[in-house]
Each structure stands twice: as structure tokens, then as C-alpha cells.
Amino acid sequence: MLLIYCPYCEEERSELEFRHGGDAHIARPANIADITDEEFQDYFFLRDNPKGLIFERWRHIHGCGRFFNAARDTVSDKFVMSYKAGEPKPNLSGEPTATEKTVETYEAVEGIAK
Amino acid sequence: MRKYSVFAVAREAMRGHKGWEAQWTSPEPRKDYDVIIVGGGGHGLGAAYYLAKEHGITNVAVIEKGWLGGGNTGRNTTIIRSNYLYDESMDIYEHSLKLWEGLSQDLNYNVMYSPRGVMMLSHNVHDKQSFQRHVHANRLYGIDNEWLTPQQAKDFVPVLDISASARYPINGAALQRRGGTARHDAVAWGYARAASDRGVHVIQNCEVKGIRRGPDGAVTGVETSKGFIGAKKIAVSASGHNSVIMAMADVKLPLHSVPLQALVSEPMKPIFPCVVMSNSVHAYISQSDKGELVIGAGTDQYNSYSQTGGLQIITHTLDAICELFPMFRRVKMMRQWGGITDNTPDRSAIQGVTPVKNLFVNCGWGTGGFKATPGSAHLFAHLIARGEPHKLAAGLTLDRFRTGRLIDEAAAAAVAH
């Protein structure tokens with residue numbers, strides 16, 4: 001279970017209090033009725049699904065009830081930071097991301113097949 | 001390939017079991033292939049087998065980062081059923097179920113397909129209406145599925161608690177008798193052996209690191225940890241890692257990868273005759289031939305490639321199991337693991353061409369890919385060989401997210417896939 005820092009409550013709380021809200025920083029097009037089907041697909045359905053750093057929304061549904069954003073590594077599940085909704089996407093390009101070498105995965109423990 | 005038979009067992013018994021040969025060969029990769037399949041799970045190996053068997057394309061390599069059966073093929077709860085709601089889903093899962101029925105004979109490999117029945121428990125009026133709708137839709141489509149009263153359900157699964165005081169009271173159940181289980185890693189091994197016998201190269205411990213494309217945009221091969229390997233066609237079937245592989249060819253997919261967990265108990269004497277699923281309280285359970293209870297839990301809510309998953313997910317499932325089957329309360333759990341599933345927004349798979357020439361994708365099987373293995377592999381081979389989908393998979397194309405022709409099993413099934 002994750003421990004998640006709510007930037008509004010300024011406290012680390014258990015994942016049970018939170019609801020995941022999908023990818024962050026996806027802006028709904030202002031001219032939604034005019035965009036093409038391709039543009040709508042891109043906005044509504046297509047996702048990076050990154051292995052590594054992801055920016056995502058969380059809602060502290062059993063706490064303050066507010067949405068906020070977080071940066072997390074999808075290999076180690078470690079949070080890099082969380083920040084309030086509306087704040088710009090932080091530049092974390094210098095952050096080292098976890099790899100299978102730095103995380104204890106099943107493969108690392110069991111070794112590769114010979 | 002030496003065929004497996006009772007005579008082979010007798011012959012080897014006489015010779016001290018020294019004549020058994022390796023089930024598949026592990027060759028060094030050639031310089032180029034007609035088709036490279038990325039991902040050596042059931043779907044990928046099966047596609048290679050059907051390419052060789054039905055389409056005469058044998059210059060094929062299956063490239064696998066780890067070992068066969070080490071990914072989701074060996075991490076699922078082995079449930080097989082075809083009682084889906086929509087025509088597109090019924091088409092492919094029923095096609096698959098029919099192939100399951102003859103798979104052991106076809107491959108000359110015992111995949112231990114066991115049509116012991118899959119029962120879905122109904123706990124409230126909404127469940128009842130929803131499942132009866134499924135039953136009717138299935139029967140109209142020629143797929144077996146029947147409605148049971150609580151007592152009939154109890155007669156089929158004697159350990160079920162149907163008392164009125166139960167925490168999760170049962171007001172009926174849907175039963176697909178042809179559904180059941182199979183041995184999951186035997187499926188990977190059986191397909192690998194049969195494909196290898198027909199000339200397919202199964203290349204393990206070889207990670208795909210890039211997809212190379214020519215000046216016209218068409219794929220020309222893959223960069224791997226064993227160097228560059230050329231290919232006329234590339235077919236990607238890498239389950240949880242499909243987004244990662246397809247990003248190498250600049251194709252973005254409507255997928256998110258999340259861990260799905262399962263666990264098994266200590267082995268016990270036969271007690272549990274079929275598969276029981278409860279969508280409302282989220283639990284599914286069967287007993288393997290070894291005697292272990294095989295229990296499937298839910299997915300985590302967030303994207304992850306960690307192959308673990310949160311403890312609260314499995315405790316939630318075990319809470320439900322203990323309420324439904326009070327006699328399992330003192331059973332010890334032996335192992336727990338997670339697999340990374342790739343989920344689409346409508347919870348139906350994607351199998352089709354991509355915007356990149358000669359690049360095909362088989363993805364989005366989410367939490368229910370095992371049951372689809374033979375059917376998906378069979379239709380994927382057709383797609384790769386002909387360049388266009390088989391009519392049974394015609395609805396599963398990638399462009400449905402542009403056209404809006406979604407197959408919304410997410411709304412139809414609520415949770416279990």
C-alpha cells in the first residue's frame with residue numbers, strides 16, 4: 001500500500017484515503033465541438049503509460065476531498081513529489097528513474113532462465 | 001519432434017528415461033525473418049504456431065525478454081469462459097473456447113483443459129438482472145450459460161454458504177458448464193514445442209530495445225540485446241509492456257498498465273469442483289489439480305510496472321472468500337504474486353493493424369487474456385499473414401477509439417474479466 005503526501009493536508013496518509021484520477025496535465029480542448037475525431041482520440045483515449053516517471057492525479061476522497069497531482073515512478077512505485085492542482089508540471093528530467101536493476105523485481109530475485 | 005504418447009512413456013520407462021529430447025530448440029537468431037513476434041507468452045507463441053501451421057510461414061522468430069511462461073501466461077488464475085455480453089467479445093472468446101477443447105490433441109501436449117464449469121454468483125437484484133441478461137444474450141448466440149437458483153448453486157458447489165444470514169447473501173448464479181481451467185505454463189510450453197517443431201525460432205533472454213523503420217516508414221527489424229534482427233513484419237504481443245514496445249515505433253496506445261494479483265493456498269484434498277467468481281464482492285476461486293486453492297484478487301488503482309501490488313487488495317479478496325466459503329477460514333496461503341496487465345478504456349482487447357506499415361499489435365487483454373490465448377493467437381496469425389483482421393476479430397481494431405465503436409465490456413461486466 002502506498003503512503004501518499006497530500007499537499008493540502010500537508011500530511012502523508014495511507015492509500016486507502018485516496019482515489020487515483022488518471023494522468024495529470026491533460027487539458028480538455030476549449031473547442032471540443034470543433035476538433036477532429038483524431039484529436040478527440042488523442043485527448044480522450046491515448047496515453048503514454050510510461051515505465052518510469054508518471055504525472056498523475058489523486059483525490060484525497062476520504063480526507064480533504066481535493067484533487068492534486070503527483071509525480072511517481074511506475075517501476076518502484078515511489079513518489080517523487082506531490083503538488084497542488086493548478087501548479088505547473090515540475091521539470092524532473094534530472095531525477096534518476098528506477099530500473100529493474102535498482103528495484104527488487106521477481107526477475108532479479110529469481111534470475112534469468114538458463 | 002518425438003510425439004508424446006503412452007507408447008513413448010512405455011519406451012522411455014524401458015530405457016531409463018534417457019531418450020526424452022528438449023521440447024524446443026534455442027537457436028541463435030538469424031539475420032532476418034519474415035515475421036518477428038515480440039513477446040513469448042501464450043498469445044505470441046500461439047500466433048507463431050498458427051502462422052506455421054495454417055499460413056505456411058515458418059521463417060518466424062518469437063523474441064522473449066525473460067523466459068517462457070514467466071510473464072502473464074504463468075501469472076494468471078487459468079480461468080476459461082466465454083460468457084461475455086457483446087457479440088464481438090462472444091465471437092472471440094467462444095472461438096477460443098472451441099480451440100481449448102481440442103488443444104491438447106492439436107499440440108500433442110497436455111494443457112490439462114478441464115471444463116469443470118464457471119459459476120458467477122449473484123448477490124443482489126442488480127447482479128441478477130445483469131447476469132440473466134448475459135445468460136439470455138449468450139444462449140441467443142449459441143453459447144451455453146444457465147441460471148441457477150441458490151439451492152442449485154449449492155448442489156453444484158456444496159461448500160458455498162447460501163444461508164440468509166450470510167454476509168454476502170446469494171440470490172442465484174450463472175453457470176457456464178463448458179468453462180473451466182487449464183494448466184497455464186503448459187500452454188506456453190506446448191505452443192513453443194509445436195512451433196519449434198515447425199521451424200519457428202523461440203529466442204529467450206533477448207530484450208527488444210528498439211524498432212527500426214525504413215525511409216517509407218515501414219518496419220525493417222528490431223534492435224535487441226543480441227544485436228539487430230531484420231524482419232519484414234513485426235507483431236507485438238507483450239501484455240503489460242505493449243505501450244513500452246509500441247512507443248519504440250512512435251505508436252501511442254489507449255492503455256494503462258496496472259498490477260493484478262493472485263495467490264494460492266497450501267494443497268488440500270479435492271474439495272472445490274468448479275470455478276466460482278463473485279463480481280460484486282470481487283473474489284474468484286478454483287482448486288488446481290495439485291490441490292491448491294487458486295484465488296484471484298483485483299487490480300491496483302494506479303499505473304505500475306512493479307509486479308507486486310498492494311496488500312489491501314488481496315486481504316479484501318480473502319475477506320470475501322472467507323465469508324462465501326467459511327470452511328476456508330483456516331487455510332494457509334502459500335504464494336502471492338502480481339502480473340502487469342494492459343487495460344483499455346472499454347476493457348476489450350485491441351488486435352489489428354497500426355499506423356506503422358507492417359507493424360501489428362495484440363494488446364489490451366487486460367485482466368482476462370489467458371482464456372483468450374488460443375483464439376487470440378489463431379486470429380492474430382491470420383492478421384499477420386493476410387494484413388487484415390479475421391472477421392471474428394474485426395471489431396477489435398485500434399481505430400475504434402477514433403470512430404467511437406467501442407465494445408464496452410467495462411460497463412457490461414463491472415469488474416471480473
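Residues are numbered from 1 along each chain as its sequence is written, while chains are lettered from A and ligands numbered from 1 in the order in which they are written. Since the model is predicted, local features need pLDDT of at least 70 and side-chain atom pairs count only at pLDDT 80 or more, whereas totals for chains, interfaces and linings use all residues.

## The two chains

Chain B has eleven helices and 18 strands, where helices (H or I, at least four residues) and strands (E, at least two) are DSSP runs numbered from the N terminus. The radius of gyration of chain B, taken over C-alpha atoms, is 21 Å, close to the 22 Å that the globule rule (2.2 Å times the number of residues to the power 0.38) gives for 417 residues, so chain B is as compact as a globular protein of that length. Along its principal axes, the C-alpha trace of chain B spans about 70 × 65 × 40 Å.

Chain A has two helices and six strands, and from the N terminus on its elements follow the order β-β-β-α-β-β-β-α. The table sets out the buried share of each chain; a residue is buried if 20 or more other C-beta atoms lie within 10 Å of its own, exposed if 12 or fewer, and partly exposed in between, with C-beta atoms placed from the backbone.

| Chain | Residues | Buried |
|---|---|---|
| Chain A | 114 residues | 18% |
| Chain B | 417 residues | 55% |

Two residues are in contact if their C-beta atoms, placed from the backbone, lie within 7 Å. In chain B, residues 24 or more positions apart account for 76% of the contacts with a separation of 6 or more; in chain A, 50% of the contacts between residues at least 6 apart in sequence join residues at least 24 apart.

## Domains of chain B

Chain B is divided into domain 1 (30-109 + 183-254 + 346-413) and domain 2 (118-177 + 257-343), with bounds that come from an automatic or database domain assignment. The centres of domain 1 and domain 2 of chain B, taken over C-alpha atoms, are separated by 27 Å. Their contact takes 23 residues from domain 1 of chain B and 25 residues from domain 2 of chain B. On the side of domain 1 of chain B that touches domain 2 of chain B, the elements that give two or more residues are α3 (87-107) and α7 (242-247) of chain B, and the largest share, three residues, comes from α3(B).

A UniProt annotation from an unreviewed entry, "domain: Rhodanese", covers residues 35-79 of chain B; such annotations may be inferred rather than shown by experiment, feature names are shortened, and positions are given in the numbering used here. The end C-alpha atoms of residues 35-79 of chain B lie 30 Å apart, and the span is 31% helix and 20% strand.

## Nonpolar cores

A nonpolar core is a set of buried Ala, Val, Leu, Ile, Met, Phe, Trp, Tyr and Cys residues joined through C-beta atoms within 7 Å. Of the 113 residues in the largest nonpolar core, B:Ile36, B:Ala48 and B:Met119 touch the most other members. Domain 1 and domain 2 of chain B both give residues to this core, so the core lies between them. Not counting residues up to four places away in sequence, B:Ala48 touches B:Ile37, B:Val60, B:Val62, B:Ala195 and B:Val200. A second, separate core of seven residues includes A:Cys6, A:Trp58, A:Phe68 and A:Ala70.

## Two residues in one loop

B:Gly395 is found in the loop between α9 (373-386) and α10 (400-403) of chain B, and B:Pro389 also has its place in the loop between α9 and α10 of chain B. B:Gly395 is buried, with 20 other C-beta atoms within 10 Å, whereas B:Pro389, with 19 C-beta neighbours inside 10 Å, counts as partly exposed. Leaving aside neighbours within four places in sequence, B:Gly395 is in contact with B:Glu88 and B:Ile407, and B:Pro389 is in contact with B:Gln351, B:Gly352, B:Leu383, B:Ala394 and B:Thr397.

## Contact between the chains

The contact takes 24 residues from chain A and 26 residues from chain B. On the side of chain A that touches chain B, the elements that give two or more residues are α1 (37-44), β4 (53-59) and α2 (106-110) of chain A, and the largest share, three residues, comes from α1(A).
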